[in-house]
Amino acid sequence: MPGVKCGLCAHACLLSDGKTGICGVNKNTGGRIECTVYGRPVAKNIDPVEKKPLRRFMSGTYTYSIGTFGCNFKCEWCQNYHISQAKSEKVEMLPFVSPEEIVLSAIRSNCLSISCTYNEPTVFYPYAKDIGMIAKEKGLKNIFVSNGYQSDEVIHEMTGWVNAINVDLKCFDRSNHKKFTGADLDVVLKNLKILADSDVHLEITTLIIPGINDSDEEIEAIAEFISNELGKNVPWHVSAFHPDYKMTDRNQTPAERVYTAVETGKKAGLEFVYAGNIW
Ligand code: SF4
């Protein structure tokens, strides 16, 4: 029997019965795609919205943050790998939390928004959207923290209900992007342009990793892309890497390198450039 295609992200996994896709959590169950993490948040926290990071959207407010298991990228430096790289077998140990309960918890916690974060929201999009629809009805805003690898259908649909997004633009070299994330850079760039042309508030983060994306040329190329293709008013967060998960063979990014990247962003004409993860 031919498989069933998952339409959530640009991997477009073709799954035979009983198999899960690259994300480890969307599965062909009897001929239909089942999002096994639906209603099974593994993390729920109240965060300042600046922590997402979003610096020019609802500043000074708190956001109710949730995440599940699973991710469609395989970044060797992932700081949330214990949840992003976990597989669906662990899901049943988690209690079911309905979309209504998530929204109610957000309201009770005096949060003005709900953030789908910690792992890639696209892999739990059906749950995120159900939460988002109720949140919208109750006057809350919806936030995604994402790698920007949605399918065409999902990226266009999202622009109708997601209010703000921070997309992690990991590097600007096609082969490194493929090698370290397992995904095509061009899809991310295309989706960023769709978001920039929409009503969604867009901010971008780049983790500067020594030996991978920290050359002057690459930092400049990212800054120029944001400035020329997305908009000079799109905030850019440049953050310092620290060793984690499988990438423990290099030191954390020197603060000086982050600050010079901030200057590169400003030279490219960006109005809002922020240094992050500096201790
Ligand atoms: S969400 Fe993406 S990685 Fe996961 S099964 Fe669907 S297409 Fe594959």
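The ligand is surrounded by C6, L8, C9, H11, A12, C13, G21, I22, C23, N26, N72 and V123, where a residue counts as near a molecule if its C-beta atom, placed from the backbone, lies within 6 Å of it. The structure is a predicted model, in which local features need pLDDT of at least 70, side-chain atom pairs count only at pLDDT 80 or more, and totals for chains, interfaces and linings use all residues. Residues are numbered from 1 along each chain as its sequence is written.

**Ligand shell**

- The shell residues divide into 8 nonpolar, 4 polar and no charged.
- In this division, Ala, Val, Leu, Ile, Met, Phe, Trp, Tyr, Cys and Pro are nonpolar, Asp, Glu, Lys and Arg are charged, and the others, Gly among them, are polar.

- Strands (E, at least two residues) and helices (H or I, at least four) are DSSP runs numbered from the N terminus, and two strands pair if DSSP finds at least two bridges between them.

**Strand β8 and its surroundings**

- β8 (residues 141-146) pairs with β7 (residues 113-116) in the parallel sense over 4 bridges; S115 has I143 in β8 as its bridge partner.
- On pairing with β9 (residues 164-168), β8 again forms 4 bridges in the parallel sense, and S146 stands opposite V167 in β9.
- β8 is mostly covered, as 6 of its 6 residues are buried; the term requires 20 or more other C-beta atoms within 10 Å of a residue's own, against 12 or fewer for exposed and a count in between for partly exposed, with C-beta atoms placed from the backbone.
- K141, I143 and V145 point one way from β8, while N142, F144 and S146 point the other way, and all are buried.
- The chain crosses from β7 through helix α3 (residues 125-137) to β8 in a right-handed β-α-β crossover, meaning that with the strands pointing away from the viewer, the path from the first strand over the helix to the second runs clockwise.
- A right-handed β-α-β unit is also made by β8, helix α4 (residues 152-158) and β9.

**The β11-β12 end**

- β11 (residues 236-240) and β12 run parallel and are joined by 4 bridges, with V273 in β12 as the bridge partner of W236.
- β11, helix α8 (residues 255-267) and β12 make a right-handed β-α-β unit.

**Residue E203**

- E203 lies in strand β10 (residues 201-208) and is buried, with 21 other C-beta atoms within 10 Å.
- Leaving aside neighbours within four places in sequence, E203 is in contact (C-beta atoms, placed from the backbone, within 7 Å) with P53, L54, R55, R56, N166, V234, P235 and H237.
- The C-alpha atoms of E203 and Q85 are separated by 25 Å, the two residues being 118 apart along the chain.

**Backbone features**

- K52 and P53 are joined by a cis peptide bond, with omega about 0°; P53 lies in the loop between β5 and β6 (62-67).
- Y118, in the loop between β7 and α3, has a positive phi near 70° although it is not a glycine, and it counts as buried because 22 C-beta neighbours lie inside 10 Å.
- N277, in the segment after β12, also is a residue other than glycine with a positive phi, near 65°; N277 is partly exposed, with 19 other C-beta atoms within 10 Å.

Key. Two residues are in contact if their C-beta atoms, placed from the backbone, lie within 7 Å.
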